[in-house]
Amino acid sequence: MAHYLRIYDGTIDLEDHVDHYVTAVKGNDLTKEQMSLILLKMFGETLMGGELTWYSHLPSRSIECFEEMANKFVTAHAGVKKDEARVNDIFTIKQSLGEGTRDFLAWFNIVRMTLRNVSEGMAIAAFQNGLGRDGLIATRKLLSRVMKYPLTIWDEIHKAYCAEVRADEDDLSGQTH
């Protein structure tokens, strides 16, 4: 029976994997009781990597039927896939035309703090990518600085902003120190 089963490698939809697994098991001319038992007991053979680790750490006798197993599997791993997708969302944040660097930096930082698993390097690259190339002089100054002196930690973004842009933006908005 195992040669009919597709291994879940994280590249296909979770629910499609469960459907394929159920269909493969159903095609083996089993009684209802046998099918229910096999669905539950053999599911781990279709997993690898983090999903297999999750499966192997389930407490013994903690799941009574395959439907419960399928629901727990999809629920546990759908969140992981959603987090991975959301991490990439940081690259969709772009500075609007006419948006001040201070406002863009504040908004970017808020979004960055809500996303889990965003490394500092990824945040810096996304911030640089999101800065408007055709925007305000202050923004172009900041972009020039971060291109000239590549940043390695997020705190350097704020320091670069303070060094190159803050004074220019304060002058433009009429603020004084």
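The model is predicted.

**Aromatic pair Y8 and F73**
- Y8 and F73 make an edge-to-face pair, with 5.6 Å from centre to centre and 85 degrees between the planes.
- This pair links distant parts of the chain, as Y8 lies in the segment before α1 (14–26) and F73 in helix α4 (residues 66–89), 65 residues apart.
- Y8 and F73 are both buried.

**Aromatic pair F43 and F66**
- The ring centres of F43 and F66 are 5.6 Å apart and the planes stand at 70 degrees, so this pair is edge-to-face; the cut-off for that class is over 60 degrees.
- Distant parts of the chain are linked here too: F43 sits in the loop between α2 (32–42) and α3 (49–56), and F66 in helix α4, 23 residues apart.
- F43 and F66 are both buried.

**Aromatic cluster**
- One aromatic cluster is formed by Y8, Y21, F43, W54, F66 and F73.

**Largest pocket**
- The largest pocket holds about 250 Å³ of space.
- Its lining consists of L37, L40, K41, Y55, L58, P59, S60, R61, S62, I63 and M69.
- Helix α2 gives the most to this lining, with three residues.
- Sorted by class, the lining of the largest pocket has seven nonpolar, two polar and two charged residues.

Definitions and conventions:
Residues are numbered from 1 along each chain as its sequence is written. This is a predicted model: local features need pLDDT of at least 70, side-chain atom pairs count only at pLDDT 80 or more; totals for chains, interfaces and linings use all residues. Side-chain values use heavy atoms; hydrogens and water are left out. Rings of Phe, Tyr and Trp (its six-membered ring) pair if their centres lie within 6.5 Å; planes under 30 degrees apart count as stacked, over 60 as edge-to-face and the rest as tilted. Helices (H or I, at least four residues) and strands (E, at least two) are DSSP runs, numbered from the N terminus. Buried means under 20% relative accessible area, exposed over 50%, partly exposed in between (1.4 Å probe, protein chains only). On a 1 Å grid over the protein atoms alone, a cavity is a set of points where a 1.4 Å probe fits but cannot get out, and a pocket is an open set with protein on both sides within 12 Å along at least five of seven lines; lining residues have an atom within 4 Å of a point. Grid points are joined across faces, edges and corners, and a volume is the space filled by probe spheres set on the points. Ala, Val, Leu, Ile, Met, Phe, Trp, Tyr, Cys and Pro count as nonpolar, Asp, Glu, Lys and Arg as charged, and the others, Gly among them, as polar.
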